[in-house]
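Hi,

Here is the structure I said I would pass on. Have a look at it first, and then read my notes below.

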Amino acid sequence: MSTTPHKTTTVADRGTGGTAAGTSEGVLRRGLWSMAFTELWERYSFYGLQGILSFYLLYKVADGGLAVDPAVAAGIVGAYGGAVYLSQILGAWLGDRLVSPQRMVLYGALVITSGHVVLAFAPGIGGLGAGLLCIILGTGALKTNITSIVGFVLDQNPDERYRDAGFSYFYMAINIGAVVGPLTTGLAQNELGFHYGFGLAAIGMGAALVQYITSMKHLPGRAQIINNPLPPRRRPLVVVVALLFPAAVGAAVAAGLLRAQNLSTVVTVAALLTAAAYFLTMTTSSVVSSHERRRILGYLPLFLASGVYFGFLFQKFTAISILITERIDLHIGGWTFPVAWITTVSPLAAVLITPLIARLWNRLGHRQAGPVTKIAIGLTQIGCAYLFLLIISEATGHAEIPLLLILVFMMAAGSSEVFVGPIGLSLATRIGPEKFRSQMVGLNFLTLALGSSLAGQLGQLFTVIDNASYLALTAVCGIGMGMALFAARGPVGRLLKAGLED
């Protein structure tokens, strides 16, 4: 193992011309696609579960579900999604200070796999809770660190024009997994039952683990290095915190302070406080330069905008799932359309549009829109998608909404993700301070934590107000925030470029 970093670094360093350049390019492509396929299978399992989780909570016991109240179900799903991404802050810190990113991904994949196996075989709320907890912890270890590794791979190509395109293809792999996962687990759930769907998710995560183990030898040497090692004298404190935190959570549950009804609120507050702590730590750290500090401040409005964006997008697992169970006719002749397939249309639209958008960014080169404009486009588009849903909801009155129209809404909302998700990943690996690279990626994933928990709260709001008011509010917020961000693209863009100009 000790020779691998030397060999990888040597190849990358001499990739400046002739045969060496071809070798370096081959190493880059192999490393990028290895991580992309690992992420594809991990996302297959994650979204394969996510696609049927809401309905597992909402469906009657006779239909294989748990018959949970819709507001409570929305809160649980939102809190679970938020906790998955919130735990990635811990994973990013560990990958920077205690364990190399390469090993963090391996350990995370093992824990996630065990969680899916528990879900497949353990029934009821107890099995659900144990399985979800394993997935939360394992995903926290895996996600930010595998993204950092992708950044290390792309760093081997000095041409920054290809960075957004590279991350767009990596993000496409994420969305392919997000499509194929619910398609297969949804069909298994529809035909055989929920636990068969959970079992397929476990198989997918096993494939991710195998893919990663076989690709580890192709990773850059930096993936095996702890970027900012924690001094040995501070390690006992980490052990104490690791023991006290679960004890505190258990005490909160026992005291009734932490309940299913308020889980989304707790996770939302935790995400905001964690983000505030990270912004404060990085902007006040003595190892952060003035240019790096300006870039962090420029990222702040994009962080908030992206958090709201994902709150709207992830409503497909909360408010929109409730809408589907209440107002969508799933019967096509004598066959029932798998309910998870509806939410699958969203990432499918992102997958289909990604190659076109990535090719556009490559063709435009330095003339392409900046990251602020791209995220503004994504927000505006998803706001327009909710405006469309408002129109068709009102046009049908209290009647059922045609399946085709809800699928069109999912396509419009899902395709907007290509303007937000990969751009945030690319930014985090490019503008982050040198000593906080993995943790900057973790901060970017906090937008997903904030979005998931916000989607849970919005789903609970959806159950207490009329559909028209709810959809109108979402549409206005999306379009309004997109336009405001577009108006601020100049000053925010200049902050993001501080110290990075040619």
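Leaving aside its neighbours within four places in sequence, which residues is isoleucine 342 in contact with? This is a predicted model, by the way, and in it isoleucine 342 contacts Ile324, Ile328, Leu330, Phe337, Leu403, Ile406, Leu407 and Met410.

That residue also turns up in the largest nonpolar core, which has 133 residues. Ile342 and Leu443 are the ones with the most contacts inside this core. As for where the core comes from, helix 2 (residues 18–58) supplies the largest share, 13 residues.

Next, the largest pocket. About 2000 Å³ of space lies in it. Its lining is made up of 48 residues, and Leu133, Ile136, Leu137, Phe245 and Val249 are the closest to the pocket's centre. Several elements give two or more residues to that lining: helix 3 (70–97), helix 4 (101–121), helix 5 (124–155), helix 8 (235–254) and helix 9 (263–284). Helix 3 gives the most, with 11 residues. Sorted by class, the lining has 39 nonpolar, 7 polar and 2 charged residues.

Is serine 452 buried or exposed? Its relative accessibility is 6%, so serine 452 counts as buried, the cut-off for that being under 20%. Not counting residues up to four places away in sequence, serine 452 touches Gly78, Gly81, Gly82, Tyr85 and Phe314.

Cheers

How values were computed: Residues are numbered from 1 along each chain as its sequence is written. This is a predicted model: local features need pLDDT of at least 70, side-chain atom pairs count only at pLDDT 80 or more; totals for chains, interfaces and linings use all residues. Side-chain values use heavy atoms; hydrogens and water are left out. Buried means under 20% relative accessible area, exposed over 50%, partly exposed in between (1.4 Å probe, protein chains only). Contact means heavy atoms within 4.5 Å. On a 1 Å grid over the protein atoms alone, a cavity is a set of points where a 1.4 Å probe fits but cannot get out, and a pocket is an open set with protein on both sides within 12 Å along at least five of seven lines; lining residues have an atom within 4 Å of a point. Grid points are joined across faces, edges and corners, and a volume is the space filled by probe spheres set on the points. Helices (H or I, at least four residues) and strands (E, at least two) are DSSP runs, numbered from the N terminus. Ala, Val, Leu, Ile, Met, Phe, Trp, Tyr, Cys and Pro count as nonpolar, Asp, Glu, Lys and Arg as charged, and the others, Gly among them, as polar. A nonpolar core is a set of buried Ala, Val, Leu, Ile, Met, Phe, Trp, Tyr and Cys residues joined through side-chain atoms within 4.5 Å.
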